[in-house]
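Please study the sequence and the three-dimensional structure shown below.

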Amino acid sequence: LRRHLRHLTNSGFDVHVISSPGDLMTEVAAEGVTVHTVPMTRKISPWRDAVAVWRLTSLLKKLKPELVHAY
């Protein structure tokens, strides 16, 4: 995704990335994008999953993005 992030930033977009915390996020921030971390786990955990969804929803309401690319 780095080429894609670089292209969007160079095209004038205000790019934000949301992901779990980790070393990779430091590298992503070096591409000139704003990084937000939300703790998420890969294992199914109803309580942690609900908290992560609440945090993601709260952050998206705050950021009010025009476009969201997720996978």
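**Exercise 1: An exposed residue**

R3 has a relative accessible area of 71% and is therefore exposed. The classes are buried (under 20% relative accessible area), exposed (over 50%) and partly exposed (in between), with a 1.4 Å probe and protein chains only. The model is predicted: local features need pLDDT of at least 70, side-chain atom pairs count only at pLDDT 80 or more, and totals for chains, interfaces and linings use all residues. Residues are numbered from 1 along each chain as its sequence is written, and side-chain values use heavy atoms, with hydrogens and water left out.

Task: State which element holds R3 and how far the C-alpha atom of R3 lies from that of S20.

Solution. 
- Step 1. R3 belongs to helix 1, residues 2–10. Helices (H or I, at least four residues) and strands (E, at least two) are DSSP runs, numbered from the N terminus.
- Step 2. R3 and S20 are 17 residues apart along the chain, and their C-alpha atoms are separated by 20 Å.

**Exercise 2: The chain as a whole**

Task: Describe the order of the elements and the extent of the protein chain.

Solution. 
- Step 1. The protein chain contains three helices and two strands.
- Step 2. Read from the N terminus, the order is α-β-α-β-α.
- Step 3. The C-alpha trace spans about 40 × 25 × 15 Å along its principal axes.
- Step 4. Of the 71 residues, 17% count as buried.

**Exercise 3: A histidine in a strand**

Task: Determine whether H36 is buried or exposed, and identify the partner of its side chain in a polar contact.

Solution. 
- Step 1. H36 lies in strand 2, which covers residues 34–37.
- Step 2. With a relative accessible area of 17%, H36 is buried.
- Step 3. The side chain of H36 forms a polar contact with the side chain of H16, at 2.8 Å. Such a contact is a pair of N or O atoms within 3.5 Å; within protein, one must be able to donate a hydrogen and the other to accept it, and residues adjacent in sequence count only if both atoms are side-chain atoms.
- Step 4. Apart from neighbours within four places in sequence, the residues in contact (heavy atoms within 4.5 Å) with H36 include V17, M25 and L63.

**Exercise 4: The nonpolar core**

Task: Name the residues of the largest nonpolar core.

Solution. 
- Step 1. A nonpolar core is a set of buried Ala, Val, Leu, Ile, Met, Phe, Trp, Tyr and Cys residues joined through side-chain atoms within 4.5 Å.
- Step 2. The largest one has six residues, namely L5, V15, V17, M25, V28 and V33.
- Step 3. Residues up to four places away in sequence aside, V33 touches L5, T9, V15, V17 and V28.
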